[in-house]
Amino acid sequence: MNQTTIDSTDRAIVEELRRDGRATNQQIADSLGLTATTVSSRIKRLEDSDQMRVVAVSDFSAHGFDFLMRIAIEIEGRKASAVADELAQLPEVHAAHLVAGRYDIDVLVALSNFDELPAFFLEKIGTIRGIRTMTPAIVVDITKYQFDVAPIETRT
Amino acid sequence: MAESRLDDLDRRLVDLLALDARVSNRKIAAELGVTEGTVRGRIRRLQDEGLITFTAITSFDMAESTRLAFISAQADVDKVREVAEQIAALPLINGVLITMGEFNITALCLFKELGDLVDTASDQILAMPGIHHVETSIAVKTIKYNAKIAKIT
């Protein structure tokens with residue numbers, strides 16, 4: 001992991017970008033009393049060290065995802081990481097974590113609607129070896145979904 | 001049938017901005033073969049309709065809360081919304097889903113020390129009136145995480 005020291009200027013810039021990721025360097029500089037060059041180089045450093053990304057985040061509804069489900073999975077006779085890797089290949093799987101607890105893998109699935117569930121369950125999940133049980137939790141409401149802290153992948 | 005609220009051009013625009021939101025309209029316009037005015041108009045519409053937002057995403061590392069846990073809770077069904085709101089107000093909780101299944105609340109907890117997780121799950125959530133059972137599951141490795149599609153409105 002790339003370690004970069006984060007100071008209060010970095011944090012202030014991040015806060016400005018959280019509010020508006022498309023604010024210009026000059027706008028950010030003006031509100032923080034910095035120069036646009038400083039803002040620009042700080043942003044570059046945070047991005048290059050994989051500490052931050054400034055991105056467009058789109059709503060589930062923009063993509064027509066109306067059916068969200070969390071599935072807790074128990075594994076048998078196979079490495080959990082191998083099963084998780086296969087699950088992660090599925091476009092419907094938006095998050096997959098290896099977990100310690102009663103279950104082995106936790107996934108978040110997004111589908112357009114309930115009609116897509118049989119095919120997803122039987123033809124996709126059903127062909128992955130090593131899944132012993134699946135405990136689904138169908139999302140009926142989202143009280144809070146703060147997405148601004150996340151694992152960041154190195155850009156290729 | 002839920003349909004995507006993005007047309008083909010919107011989707012290409014969103015895909016580009018999901019990689020880097022700070023690309024200029026001019027560059028996007030050149031890449032997509034449309035005018036800068038079209039890019040500007042599309043972005044404004046997507047923002048106005050609450051379909052897209054531009055923000056900084058920081059690593060767990062920078063947040064100084066390097067671990068993620070799922071806290072599943074069983075709450076009285078008639079109190080589930082109220083309890084979910086209370087859980088959402090806890091400092092380490094960054095997501096709360098109301099679900100149908102063995103548990104009716106899933107909370108995502110970002111923590112640094114194991115003690116902080118125990119405090120959140122056992123001392124705070126389990127102690128709330130209307131909560132009967134709490135189960136914790138700690139993410140030891142993230143295999144996939146799509147932060148680019150979320151609940152934003």
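Modeller: Buried means under 20% relative accessible area, exposed over 50%, and partly exposed in between (1.4 Å probe, protein chains only). This is a predicted model, where local features need pLDDT of at least 70, side-chain atom pairs need 80 or more, and totals for chains, interfaces and linings use all residues. Residues are numbered from 1 along each chain, chains are lettered from A and ligands numbered from 1 as written, and side-chain values use heavy atoms without hydrogens or water.

Over all chains there are 21 salt bridges (Lys or Arg side-chain nitrogen within 4 Å of an Asp or Glu carboxyl oxygen). One of them pairs Glu92(A) with Lys124(A), with 2.7 Å between the closest N and O atoms. Glu92(A) sits in the loop between helix 4 (80-89) and strand 3 (93-100) of chain A, and Lys124(A) in helix 5 (residues 117-124) of chain A, so the bridge ties together parts 32 residues apart in sequence (helices, at least four residues of H or I, and strands, at least two of E, are DSSP runs numbered from the N terminus). Glu92(A) is buried at 15% relative accessible area, while Lys124(A) is partly exposed at 29%.

Another bridge, between Arg102(A) and Glu102(B), has an N to O distance of 2.8 Å. This pair crosses between chains: Arg102(A) comes from the loop between strand 3 and strand 4 (105-111) of chain A, Glu102(B) from the loop between strand 3 (93-101) and strand 4 of chain B. Both are partly exposed, Arg102(A) at 40% and Glu102(B) at 35%.

Within chain B, Asp8(B) meets Arg12(B) at 3.8 Å, N to O. Because they are four residues apart in helix 1 (residues 8-19) of chain B, about one helical turn separates them. Asp8(B) is exposed at 53%, whereas Arg12(B) is partly exposed at 38%. Shared partners also link Asp7(B), Asp10(B), Arg42(B), Arg45(B) and Glu49(B) into one salt-bridge network.
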